[in-house]
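These are my notebook entries on one model, kept in the order in which I looked things up.

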Amino acid sequence: MAISKELWGKAPDGKEIFLYTLKNASGAYVQLCSVGAGIVSIVVPDKQGKLSDVVIGYKKAEDYFADGPCSGKIPGRYANRIAKGKFTLDGVEYTLPVNNGPNHLHGGPDGFQNQVWDSRIQGDAVEFMYFSQDGEAGYPGNLKVVAHYTWGEDNSLKLIMTAETDKPTVLNLTNHVYFNLDGEAAGSVLNHRLELNASQWLPTDETLIPLGAPEDVAGTPMDFVEAKPIGQDIQADFPALKYGKGYDNCYLIDGAMPGQLTPCADLWAAKSGRHMEVLTTQPAVQIYTGNWLKGCPMGKTRAYEDYDAVAIECQHAPDSPNNPDYPSTVLRPGEVYKEAIIWAFDA
């Protein structure tokens, strides 16, 4: 495995931004950057062996700050939404910035995704570290987060996220990378076929906050238990699809067990022949079909349109701090948060 590092730009405060390239023996490679510990590119072969980038993103490092799509980055402290920017932990109510309608989203406007993380090459891996101070964005506890990426000879990218705190806090981490398996410049992914290892989903209100108990996907447009084109039911007359202008919904992974890698999703593109399998230790996955990509910063090769890529975000459920029936997102002193995601590619 060959790993290189280069200076890619500077943050508004002058902090240097680094770009890392991890290349395997076949020539397939991944690029990562220190803004939000982000995935910039994943360059893998199609059915004819031609290499191309299957991740949307931007030409310039500076465009990764405060982009609406949160492209390729690790949001935090809490990925997804917390209702009305409030939660109570151990009898204390905490107030967070509201930045998505009436709700708190992805840690707020200054979340982890908009910070330059410390970074280093560590053996055959690249590691990013961010230290979030007690009270940052309203969250309790000094929190140290490490994102550890490895790229395999089998064209699989593995992310391990760990964290420790000195006060009880809540934490929900993911990577918000967007995929187009026909290539970054190919256009709509509505003809990609998606299969989810998930027989239940979480219905939400119109602001995308879960209403409570999960429901079965069977008999609804939310059903991806059998593979189908992403666009097959996306325009169905169904509340969830109206609220988000497409899919922006949380699915509960069947058979998920804490600390155990479980298959989560499969994505296929007929034109390129590429297939991606996603595995995770997390209990849920948010499927977001790029419903609001239009108007984001200029892409690597073109201006993106809505539905040009899909995000498969392995995480805990939205608004879990306010739902004691959901798997807990509380992290306490002396505990180590550890979650993993694997994206495995073939053609």
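The model is predicted, so local features need pLDDT of at least 70 and side-chain atom pairs count only at pLDDT 80 or more, while totals for chains, interfaces and linings use all residues. Residues are numbered from 1 along each chain as its sequence is written, and side-chain values use heavy atoms, with hydrogens and water left out.

Entry on the loop between β5 and β6.
For the element names I rely on DSSP runs numbered from the N terminus, where helices are H or I with at least four residues and strands are E with at least two. I looked up Ala66 and found it in the loop between β5 and β6, where its phi is near 60°, a positive value in a residue other than glycine. Is Ala66 buried or exposed? Ala66 has a relative accessible area of 63%, and therefore counts as exposed.

Lys73 is also placed in the loop between β5 (51-53) and β6 (81-82), but Lys73 counts as buried because its relative accessibility is 0%. Which residues are in contact with Lys73, leaving aside its neighbours within four places in sequence? Taking contact as heavy atoms within 4.5 Å, I noted Val35, Gly36, Gly38, Tyr64, Phe65, Ala66, Asp67, Gln113, Asn114, Thr174, Asn175 and His176.

I then checked the peptide bond between Gly76 and Arg77, and it is cis, with omega about 5°. Arg77 lies in the loop between β5 and β6.

Entry on Tyr307.
Tyr307, which is not a glycine, has a positive phi of about 70°, and I located this residue in the loop between β23 and β24 (310-315). Tyr307 counts as buried because its relative accessibility is 19%.

Entry on the sheet.
I took two strands as paired if DSSP finds at least two bridges between them. An open sheet of five strands runs in the order β1-β2-β3-β4-β5, and its pairing is antiparallel. Why is one side of β1 and of β5 left without a neighbour in the sheet? Both β1 (2-10) and β5 stand at the edges with a single partner strand each, so one side of each has no neighbour there. Neighbouring strands of this sheet are turned by 20° against each other on average, direction ignored; the axes are lines fitted to C-alpha atoms, for helices over the stretch in contact, and angles run from 0 to 180 degrees between N-to-C directions.

β1 and β2 (residues 16-23) pair in the antiparallel sense over eight bridges. I traced Ala2 to its bridge partner Lys23 in β2, and Glu6 to Leu19 in β2. The two strands β1 and β2 form a hairpin with five residues between them, and Gly14 in the turn has a positive phi of about 90°.

Entry on cavities and pockets.
The search used a 1 Å grid over the protein atoms alone: a cavity is a set of points where a 1.4 Å probe fits but cannot get out, a pocket is an open set with protein on both sides within 12 Å along at least five of seven lines, and lining residues have an atom within 4 Å of a point. Grid points are joined across faces, edges and corners, and a volume is the space filled by probe spheres set on the points.

Over the whole structure I found one cavity of 30 Å³ or more. The largest cavity has a volume of about 30 Å³, and its lining includes Gly76 and Arg77, the two residues joined by the cis peptide bond.

The largest pocket has a volume of about 550 Å³. Of its 26 lining residues, Gly68, Pro69, Asn100, Leu105 and His106 are the closest to its centre. α1 (239-244) and β23 (284-288) each supply at least two residues of this lining.

The second largest pocket has a volume of about 330 Å³, and of its 19 lining residues Pro258, His316, Ser328, Lys338 and Glu339 lie nearest its centre. β26 gives the most to this lining, with three residues.

Definitions and conventions. Buried < 20%, exposed > 50% of the residue type's maximum accessible area, 1.4 Å probe, protein only.
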